[in-house]
Amino acid sequence: MAVNTKTPEAQDPQPSSAKCGCQANEEEMLRSLDTVIDGFIDTDGALVPILQTAQNLFGYLPEKVLKHISLRLKIPYSEVTGVVSFYSFFSTVPRGKHVVRVCLGTACYVRGGKEVLEAFKKNLKINVGETTPDRMFSLEVGRCFGACGLAPVAMIDDDVHQRVKSAKIRDIISQYQHEGEDVKEAR
Amino acid sequence: MPLQKITSSQELDRIKKAVLDARAKNAAQKKILLCAGAGCIASGSLQLKKALEKKIQEENLAVEVVETGCLGPCAQGPVIVISPDQTFYENLKPEDASDIVNEHLRKGKLVERLVPRNIKNDKPVLKQSDMDFFQKQIKIVLRNCGRIDPLKIEDYIAEDGYQALAKVLTSLTPDEVIKQVKKSGLRGRGGAGFSTGLKWELTRKASGDVKYAICNADEGDPGAFMDRSVLEGDPHSVIEGMVIAAYAIGASRGFVYVRAEYPLAVSRLTKAIEHAKESGLLGEHILGTSFNFDLEIRMGSGAFVCGEETALMRSIEGKRGEPRPRPPFPAQKGLWDKPSLLNNVETYANIPMILLRGADWYATYGTEQSKGTKVFALAGAVRNTGLVEVPIGTPLGELIYEIGGGIKGGKKYKAAQIGGPSGGCIPKEFLNVALDYKTLEELGAIMGSGGLIVMDEDSCMVDVARFFLDFVQDESCGKCVPCRVGTKRMLEILERICAGEGEEGDVEKLIRLGLQIKETSLCGLGQTAPNPVLSTIRHFRKEYDQHIREKHCEAGVCPSLVRAPCQSACPAGVDVPGFVSLVGEKRYAEALKLHRERNPFAAVCARVCFHTCEEKCRRATLDDSVSIRGVKRFMVDQEVIIQIPEVHHHDQNAARKIAIIGAGPAGLSCAYFLARLGYRPTIFESEPRPGGMLVQTIPAYRLPRETLAREIRMIEQLGVTIETNKKLGQDFSLQDLRDKKYDAIFIGIGAPESFGLGVAGEDADGVVMALPFLKQYNIRGSVPVGKKVIVVGGGNAAIDAARTALRLGAEQVTVLYRRSQEEMPAYEEEVRESLYEGVKLMPLTHPVEILKTQDNKLSGVRCMTMKLGDYDQSGRRRPTTDGADQFILEADQVIVAIGQTLNPGRIFAMKDAELKMTTNGFIYADSVTGQTSVPGIFAGGDVATGPWSVVAAIGAGEIAAVGIDQYLTGENHAFWREEKVVDTDYDPDVDPVPYPREPVRSIAVEKRKHNFDEVELSWNENVAQRQAKRCLRCDYGKSVKRRGNR
């Protein structure tokens, strides 16, 4: 149930905007949010789908976004945050460009998922729920991605890495790190 | 291109026929079915697809690569099937594409290196249907998974897809549909197993115009991936099932609630819904009838509790997914307070087949109470992990060993966890249990959604219970108190136990809390949350007690109790990483000293130990375990003058009288540790030479006599007196010792009696027991040996007897064992060496009669061939026979080695006290102190445990020594139990050394076959150094409190 609460620079108003790759300002942000909300205007129980889409768009759900959703849907802000805090998928703080989720489902757990998690913590030098200072990686724990036949697994963004060995974590991370450097150079 | 709208069942038939005709025309045309389930994608199947397509294009072949859903054997991914040949290729890499295209597709030749091999005979398996993994499966739910392109609706139609819907809409009334479903006996596959037909009927009968049909695809149980695979591999089967359900209950709108963690399933289902809408199979006027049904997807947001029906509906409503009390049940008041039907993915996927083939057909599968098939997600420590579908009632053992291929890495089965956080663990005693709703419930587990996680001996059951409780505690929505607070309290207790701070009574507290939470929680989550704890307590109570009382985690898992898994696995608690790393720095004397802190018999164990430490070695996950015994062997060979360990002199202790009965490993070890505390115990030994089994039965080619004698002399030098030829029950009694005012007595007489065969003719001359046979040779120096010798048994004594007989001139030695070779309890390396030396092994053979001549001389053995039947209490297959295959083996000597026991008779008799015995007939001794039921009398080793290992006896001797000291002084002075800090160099950031494991060398067979020279050789220093460096130093940076009071 817990939403990620700990992360450095939690107050940073700018979205990490990993997905769209642009630095949207507030106005643009709310404008695109309106488009999202309009898309769900005929949907019953639209709050959750809207929050999901908004989170995909901004990478996280800042207060401004939640307030705006509350106003548009005429749902009390308290109810909106109640829903946001209930589901672990939602985050009210920015996350890293890449979200590492180490599976600690049963199959992964009995096949050494704990050691894999420790290795990620050690290599990224962060704890679960935190983001690296360079905003490249967030570390989370997953509860089964349904790839139990290939345990232990870790999911980085949408890629499932199978039969992860703690000794090889550095190689996995560096694949994503280098990808990051290319982006920096391009800018 | 938009899909054609299908407006009648005739049109549906036309499309089906068109696809089938086109297929028939190209029947010989090769096609590659490539598994694109999430598992195989993670293994790289999409890269493989690219490589295949590129190669096919280069070669100008007209071969289509079809992305299908999950084929099943996820661990072997990526996998493909080439049709129509049915060739199954596994573990593919993009580089393999060229061989497949050039050899198989162009030349029609099998690429042998890429096909699976039969585990039994190592032959390549040519067809998918011949694979063990598939042979025992019956696929109803997974009928299309791996066979069709899930994104092509016409592929589904060609496989009779939507035919059931057409039949229902054109010829059946809703009541008739419900009748069929009820008759089929289908029960909800989501967990609780409620009758599906009944649920439909209740929803149909509920009053209201608006009703909903909902599919639960929030497969939140960790370890379950059946629903994901169905949605990915055959989404239309779920859609069709839902439309039929909607028709039956009278709903016009439906939802599929899918987990956000399954992006691929969501995207495939989304496309399938679009296609079904375009084709007129969803939406208005389905198949040209007046029936309308619309389907939407709603994604979960990561809350396990939303798998509960009322919570799921609230979540669809856009609210916090908290459950509410029932009644009213969703059938009356569900989504937006309207009557709603909720079934899970697998349940819906069954529906089309039931209506198409009839309820009677479906009911032919399964058991009396539970019909049909069940899909299981097989994961954990089995070889063939993946998705399997079997008739309900299939025995668990069959699923694990036949389909799953047995336990990975030759380890032993410990338990299967069924039903996720709501389920329970099933131990090896119940491998025969039929997997159906009722029997599982009786065992404290549940069928659940079908996650089946197999655990081997490396799993700690207390930790597993803690894990599940941590999960449910975290996922508890917090609405009701029993679940929110109760699970938290249970978790705290479990965490304490795992941290080595468990207290007596904790287990009872857990049971009480668990039952209370089950009874009083609001929803299914809380009502089942204590199950994993209660079931592990029920089946593995011993492990809880070990954690609480001995502060010991045998599996080597709980971090606070485990410094290194090898050390935890060692019954004597030897600091393995410590001595191995000291050997790595050539500090042999220090290494040996460290070893003897916990185990005086370093040189003995370097030769005869069964090294459980190596089985737990973490290096095995990288390549192979460290050869700990090999390193030890090199270490002990460097000792020139035997060292004397640290001894605390103590005049008071020296004056106390302590008697130890039996100079075997347990008694000698007990004496050694007592002597180090300043005691001067006396050992009474029945034989002329001390050493017990070490000297009486273990042959000199395994353990040279001088090696043993040296370590026994060292113990004597510490102030231990050994009196030989003093037999308990004959030369003295326990009462005598008590009369002579001994302050404490330790009994370590082993399990000296042999089991007989119990068959006719056993009294023939020439039939001997293994132990007397070995003892006579080892102690007296000679024993009569036949020419044609048959040894019966599969343990170490059997192999020792066989090899001894061979060395003493037997021409032919045959070992008969009633189970299979893999199941022989003898050490694998001993069996292997005996075969090299010419011993003949006949597994699955059992003697039924000893044949003799008129003058009572042995002439032969009538044997029977055995087959492996169902599973027995030990988790092994029971050897059975139909009595048909009998044959006679000639023999002039039979050595019986089928087991040892203790026949106490009157030997423990005392005037006013009696020793309590265990149910197995051995002496009861406390696991922490070694004390028996009589104060002042202690016991350990085989006499207390039944026949076991040398090192276990050594460990038991140490425990009793500490127990005796505590009994006499009231304090624990076991200074050797303090962990020593080993100052060897270790850099945790450096990659592990790449050297492979080196086998232990042995002398050539010709040179050893006829003598008793030691068979094994030591390594040279270079090899030993490298091997020692392979240690990953699991102990690094860890300081674990000394092992409690143990």
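In the predicted model, helix H10 (residues 226-233) of chain B packs with helix H12 (residues 263-278) of chain B at an angle of about 40°, their axes lying 8 Å apart. Axes are lines fitted to C-alpha atoms, for helices over the stretch in contact, and angles run from 0 to 180 degrees between N-to-C directions. Helices (H or I, at least four residues) and strands (E, at least two) are DSSP runs, numbered from the N terminus. The crossing of H10(B) and H12(B) is left-handed, a term used if the near helix is turned anticlockwise from the far one by less than a right angle. H10(B) contributes B:Arg228, B:Leu231 and B:Glu232 to the contact, and H12(B) contributes B:Leu264, B:Ala265, B:Arg268 and B:Leu269; residues are in contact if their C-beta atoms, placed from the backbone, lie within 7 Å. Four of these contact residues are nonpolar, none is polar and three are charged. Ala, Val, Leu, Ile, Met, Phe, Trp, Tyr, Cys and Pro count as nonpolar, Asp, Glu, Lys and Arg as charged, and the others, Gly among them, as polar.

The model is predicted, with local features requiring pLDDT of at least 70 and side-chain atom pairs pLDDT 80 or more, whereas totals for chains, interfaces and linings use all residues. Residues are numbered from 1 along each chain as its sequence is written, and chains are lettered from A and ligands numbered from 1 in the order in which they are written.

An open sheet in chain B is formed by five strands in the order S16-S15-S14-S17-S30, with parallel pairing; strands pair if DSSP finds at least two bridges between them. Strands S16 (721-723) and S30 (937-939) of chain B stand at the edges with a single partner strand each, so one side of each has no neighbour in the sheet. From one strand to the next, the twist averages 20°. Strand S17 (residues 744-747) of chain B pairs with S30(B) over three bridges, and B:Ile747 has B:Ala939 as its bridge partner in S30(B). Helix H38 (residues 950-969) of chain B packs on the sheet, touching S14, S17 and S30 of chain B, and its direction makes about 165° with that of S17(B).

Domain bounds in chain B come from an automatic or database domain assignment; among the domains are domain 4 (565-643 + 979-1029) and domain 5 (651-751 + 920-971). The C-alpha centres of these two domains lie 27 Å apart. Their contact takes 20 residues from domain 4 of chain B and 24 residues from domain 5 of chain B.

Technical notes:
Contact = placed C-beta atoms within 7 Å.
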